[in-house]
Amino acid sequence: MDRRKFIKTLGVGTAAVSLPGFGCVSSQNEPAKPNIVLLFADDMGYGDLGSYGHPTIKTPNLDQMAQDGIRLTSFYVAAPSCTPSRAALLTGRYPFRSGLSNVLLPESENGIPQTEVTLAEKLKEQGYNTMAIGKWHLGHAKPEYLPTANGFDNYLGLLYSNDMIPPWVETDKPLELYRDTEPVEHPVDQSTLTKRYTEEALKFIESQKDDPFFLYLPYNMPHLPINTAAEFKGKSMAGLYGDVIEAIDWSVGQILSALDKNGLDENTLVIFTSDNGPWINMPDRMLQAGNERWHVGSAGPLRGAKANTYEGGMRVPAIMRWPGKITPGQTSAEMATAMDLYPTIIKACGGAVPDDRVIDGNDILPMLKGQAPSPTTELYYFRREELEAVRSGKWKLRLSGHLRTDVKPEDLPTPELFDLHVDPFERNNVAERHPDVTEQLREKLHQFRKSM
Ligand code: MG
């Protein structure tokens, strides 16, 4: 009998038991704390997965995960670039609240403030073992910015983006692979990162005994410069970019089978998403040393790309699976954001969100279970520090530049109003047809800016 079935046969009313690998097995009143696996791709677009309509890239493991759980089609990150998107994911708050609205560079002196309470820190309070594997990008200049000072017991990965080395970025700082607080590899072999991160994740999962765990795996791929291990090269129909995505899909498959093999799948919430849209609009500096135009992904039918506030910059694939809790086979257009994961996970793990600060996310577990509409009906879109757009229900108003004082009124672009139910592609500006909605949303933007 496998461990999972054995535990089921224990039934309710047994005394607290502790079994290898299962996490906190409960006494009669206290439900077992779920394990959390949060998989986060870098610059993967809305259209890059088979289950999101990519015509040639094959992602059978992620597609199956969607079949076994929920696939969200209106899931947003809080910013269209790496650092602010990650800050929001791990704090449940818009990036301006932690002062991390801009992408950190190798020379950056700032990082995540100690006053922020990260998701990992909240889960430590609940008795979780925590591990981060992959791209951090929330500060590296001081020890207090590192993952191990922000709630993670252990860490393996790159502290910032994989392109932040010559010739793409002018810097003297070496890009190094870190283990906990020490550099262990330089130069970094980027071709095997996805594979090595996966092996590290499997080791971590295998090593879990009595406590619940939180595994955060922010892949470096498919951020430029893309690369993958020899066994994946030339295997997809979609060139090197397809190979890189299919390697990530392989990685997800490995992690899901490790959970299954260890009897953990029923007690584990697995989430897969991306930090921002594809870098279709990359600057010319990126087109060196082997990078090609087709080394970036697709926003599918959505307009825009990384670093802008059209849908393609901030709406990303999002698949979540929790057998027995999330009804399988769902596809949902309910709105949700990466900031929602903070309260959702903390609550599911028995904790409470900090009450001494604004938390912008909402608990979406009832929505994921198919029991309630999403509590999230609004999103503010930022490009760096600039508030550019708001979505409220089906309406989105994009007022790029309008809230700035240094832009002359005659230089401002036309306000853009989109009905995202009818026109998620943002092709038809209906601002003139709906002046009342435009005005209401303009007021919302002004009010939110005032509150900042
Ligand atoms: Mg990114």
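1. The magnesium ion is held by Asp42 (OD), Asp43 (OD), Cys82 (SG), Asp275 (OD), Asp275 (OD) and Asn276 (OD1), at 2.1 to 2.6 Å. Donors here are N, O and S atoms within 2.8 Å of the metal (3.2 Å for Na, K and Ca), and since water is not among the atoms, sites may look incomplete. Along the sequence, the donor residues follow the spacing D-D-x38-C-x192-D-N.

2. This is a predicted model, in which local features need pLDDT of at least 70 and side-chain atom pairs count only at pLDDT 80 or more, while totals for chains, interfaces and linings use all residues. Residues are numbered from 1 along each chain as its sequence is written, and side-chain values use heavy atoms, with hydrogens and water left out.

3. Why is the arrangement around the magnesium ion irregular? The angles subtended by its six donor atoms run from 53 to 158 degrees, and therefore the arrangement is irregular. Six donors count as octahedral if opposite donors are over 155 degrees apart and all others between 65 and 115.

4. The protein chain has a domain 1 (3–20 + 31–377) and a domain 2 (385–451), with bounds from an automatic or database domain assignment. Their contact (heavy atoms within 4.5 Å) involves 16 residues of domain 1 and 14 residues of domain 2.

5. Between them, domain 1 and domain 2 bury about 1,300 Å², 44% of it on carbon and sulfur atoms. Buried area is the accessible area (1.4 Å probe) that two parts lose on being put together, summed over both. On the side of domain 1, Arg303, Thr309 and Tyr310 lose the most area to domain 2, together 36% of what that side buries.

6. Two salt bridges cross the interface of domain 1 and domain 2, each a side-chain nitrogen of Lys or Arg within 4 Å of a carboxyl oxygen of Asp or Glu. Lys396 and Glu311 form a salt bridge through their side chains (2.8 Å, N to O).

Note on methods. Tetrahedral: all angles 85-135°; square planar, octahedral: opposite > 155°, others 65-115°.
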